[in-house]
Amino acid sequence: MPRTRIKICGLTRVEDIQAVVAAGADAIGFVFYPKSPRYVTPEQAAALIAAVPPYVTTVGLFVNATVEDVRATKAVAPLSLLQFHGDETPEHSAALAGAVNTPFTQVFRVKPDTSFEDLLEYEQRYRAASPLFSSLLLDTYVDAYGGAGKVFDWSLIPKELAPRVVFSGGLSVQNATDAVVRVRPYAVDISSGVEASKGIKDASLVRAFIAAVQDADAIIARGNNHE
């Protein structure tokens, strides 16, 4: 039974990285969007990444960045994955990732009128644009960038797409188990739902969130065994 991978985003402190890694996170995200309260400079990110052990993925979140932005950041901070969270076209994202030869995930901000076909077509367009495309990240549409902490209609995610996506948007300790059991995504991504304040993680919430995702995996495994 595959295990749901877990990314904790918006890290700004070494002690939070240590707590997140100890709790069992698979990936850690750094926000390079200057308007975000979780923004870190490339130099700050490099110091934080130095505290990340091997086999934990380091992800850089960018919003409508230029090739120069991404290149300059990657030259200082050794990121293993890029995450594009703006209005990047397939061609723009392909150029950004290609400039630093690094895989990327692409956000799709789900609206109430989003259809199954929209999601499948969007994924296909990015996959066709670049061999570095790794997955869609599904978040809730709001009139802002960088994650809204709001839930969208999970039933909009096509069953055939779910095992390939990173699932975000309004996840919390309270709804994580239900969300993973219902959607069965490849991975989940959370930021504000495990914070004491913006950019400061709450270690007990991080542990509780990861436990909630693991509970979902156990429920799914039990269901599969009974089929």
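**Close-up views of a predicted model**

**View 1. The second largest pocket has a volume of about 290 Å³.** Here a pocket is an open set of points on a 1 Å grid over the protein atoms alone where a 1.4 Å probe fits, with protein on both sides within 12 Å along at least five of seven lines; its volume is the space filled by probe spheres set on the points. This is a predicted model, in which local features need pLDDT of at least 70, side-chain atom pairs count only at pLDDT 80 or more, and totals for chains, interfaces and linings use all residues. Residues are numbered from 1 along each chain as its sequence is written, and side-chain values use heavy atoms, leaving out hydrogens and water. Lining residues, those with an atom within 4 Å of a point, number 18, and Ala27, Leu81, Val166, Tyr186 and Ala187 lie nearest the centre. Strands 1, 3, 4, 6 and 8 each supply at least two residues of this lining; strands are DSSP runs of E, at least two residues long, and helices are runs of H or I, at least four, both numbered from the N terminus.

**View 2. Strand 6 (residues 133-140) is largely enclosed by the rest of the structure, because seven of its eight residues are buried.** Buried means under 20% relative accessible area, exposed over 50%, and partly exposed in between (1.4 Å probe, protein chains only). Strand 6 runs parallel to strand 5 (residues 104-110), with seven bridges joining them, and parallel to strand 7 (residues 166-167), with two bridges. Strands count as paired if DSSP finds at least two bridges between them. Follow leucine 137 across the sheet: valine 107 has it as bridge partner, and valine 166 in strand 7 stands opposite it.

**View 3. Arginine 109 forms a salt bridge with aspartate 87, their closest N and O atoms being 3.2 Å apart.** Arginine 109 lies in strand 5 and aspartate 87 in the loop between strand 4 and helix 4, so the pair ties together parts that are 22 residues apart in sequence. A salt bridge is a side-chain nitrogen of Lys or Arg within 4 Å of a carboxyl oxygen of Asp or Glu, and the count by this rule is 10. Arginine 109 is buried at 16% relative accessibility, whereas aspartate 87 is partly exposed at 46%.

**View 4. Within helix 5 (residues 116-129), glutamate 123 forms a salt bridge with arginine 127, the closest N and O atoms being 2.9 Å apart.** These two residues sit four apart, about one turn of the helix. Glutamate 123 is buried at 5%, while arginine 127 is partly exposed at 35%.

Conventions. Right-handed = clockwise from strand over helix to strand, strands pointing away.
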